[in-house]
Amino acid sequence: LNDKLAYIAPEVMSHFVEHCKVSNGIATVERCLLHMDVTIMDFDSIISLLKRNEMYSALFHVFTHGLDDYLTPMEIIFERIFDSADAGEARVQKRTNGSTPLSFQRFGYKAILYLQHSFKGRTFPRDTKMQSDDKVTVVRPQLLRLLLKKNYTPSGNIKQKDGLDITIGYRSMSYPYTQVLLMVDARAVLDVFAIALDAPDSEFATTDSAFESIGGWEVEVGAEVSDALRRGGGALEGNAGESNVLDRQQIISMLSSIICPDEDSRLEGTEKMNQSTASLNAFLDFMSKYLVRGVVRSNRKITYLVLGRLTQRFRNASSAEDRRTAQRQMLDLLSALPRNAYEPDKVLKMVEDAGIHRAALLLHQQGASAWHEGRDGEDRRSHHFQCAIDCYLDDSDVSFRTEVFDYAKNECSGANTSDLVDSTGLRRALIMKLPALVALNAIMSAQLVAEIFVEDLDDIVVSLDTNDGGLVLFSFLRAIISGDLAKVDI
């Protein structure tokens, strides 16, 4: 009626609902309710009617617009989702042939959409802005705290069945609220958590403490975490003004324990469906983003899985652009991770086997710049230095290959190392790579020799006298006498 009808009496609404149910048009009732003034309705009657007829979109609207309550409707729909899961629907394969989805899928996705809208500061289902700009800073922690509950807690608004307080079925799982949604669609749920994690830093507990590796996890040194946070209560204890403060790391720890648990710390009541390959891959993609941002930490097991996931994406890339994207993601992650978050040699083997040359280059450069006492340390640096040169030479980008000359010059001149590190071993290693460098660019090789080996020309000539019939040596000498070298700024 073009929004001219703002109110319907409860009795009339009840008859209207029954009429629409007969004609299979219950969605019509929900659409009508979205255009009415819910603030003047008899809430007890309308809410009871909506729950009884499973009109959860309208229920969300009545609670959020009429009662300014964003938490209770989520608790209500969770009860319906739990019931559907306990009835066996959670283990039924998703229907994708256009048929009507099961209640577990239908209400599960509705709950996910509600969380998505709420975390963005929007209402559901009308997709309008919340009443005030700061409303989302209150709603988001409320809903996150529900998802972070380790144990099922019936709401005061939910009537216990048969007067029993025994928790059974999917309600008895650890972190039941998050687990049951992950069973609906793990990637969609992780996207919802991503919206929350992308909220301003001011909404989360922060500390200026350093990070230290303890038991494989990167943990904050000196950070004081309250007993409530350790128990999984979701908020840091404090005064009333701090009641909404949450911790990003707690969200990661919860998701890790569900999707990728350690054998020695596996939670009781963890659903195997949430540890499927699809769920794990979605989680690893999710983790990669936040490890790069440096706002969370993971144990080494998960770190290696994330790196393995990126190497898999590089291998499976169907185009050069996809490979460049996967390589860039790997480089970003390796650059962001603390050095003690992984074993360089183990990761180096992963990226070399996958052919991610620039990631291997980064690790070899780090190895060549690192200082290790003794002969073994010097040999190790020389090995990484030569391998770094090979990574430049094997790169598919011709212009990138020539950057090897600046790299070699900086390393052998000590520009990238401390004064305590002797670069003699690197210069000897560079001499062994000169034939390949001359083959790449004779003039730039001659310039490099002039800057680093001006007093070792006899050794250079000997090193270039290879079994190629003298072509490399000829190219090098020609570059010197041709006059082209004088055109290059030294």
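Predicted model: local features only at pLDDT ≥ 70, side-chain atom pairs only at ≥ 80, totals over all residues.
**Notebook: surface, salt bridges and one greasy patch**

**Entry 1, the overall picture.** I looked up the secondary structure and found 23 helices and two strands. Next I asked: what share of the 490 residues is buried? The value is 47%. I also checked contacts between residues with a separation of 6 or more, and 65% of them are accounted for by residues 24 or more positions apart.

How many salt bridges does a search of the whole structure find? It finds 24. I picked a few to visit.

My first stop was R80, which forms a salt bridge with E54. The closest N and O atoms in this pair are 2.4 Å apart. Why does the pair tie together separate parts of the sequence? R80 lies in helix α5 (residues 72-86), while E54 lies in the loop between α3 (43-52) and α4 (56-66), so the bridge links parts that are 26 residues apart in sequence. I also looked at how open E54 is: the residue is partly exposed, with a relative accessible area of 28%.

Then I turned to D133 and K129, another salt bridge, with the closest N and O atoms 2.8 Å apart. Are these two buried or exposed? D133 counts as exposed because its relative accessibility is 62%, and the cut-off for exposed is over 50%. K129 counts as exposed too, at 55%.

My next pair was K409 and E451, where the closest N and O atoms of the salt bridge are 3.0 Å apart. K409 sits in helix α19 (residues 404-412) and E451 in helix α21 (residues 442-452), so this pair ties together parts that are 42 residues apart in sequence. K409 is partly exposed, with a relative accessible area of 32%. E451 is partly exposed as well, at 30%.

I then looked for salt bridges that share partners, and they join E79, D83, D86 and R171 into one network.

Which residues make a nonpolar surface patch of about 300 Å²? They are L477, I480 and I481. I481 is exposed, with a relative accessible area of 74%.

Notes. Residues numbered from 1 in each chain as written. Heavy atoms only, no water. Patch = residues over 30% accessible without salt bridge, like charges linked within 9 Å, V, L, I, M, F, W, Y side chains within 5 Å. Areas by Shrake-Rupley, 256 points an atom, 1.4 Å probe, with all protein chains shown as cover. Salt bridge = Lys/Arg side-chain N within 4 Å of Asp/Glu carboxyl O. Buried < 20%, exposed > 50% of the residue type's maximum accessible area, 1.4 Å probe, protein only. Helix = DSSP H or I, 4+ residues; strand = E, 2+ residues; numbered from the N terminus. Contact = heavy atoms within 4.5 Å.
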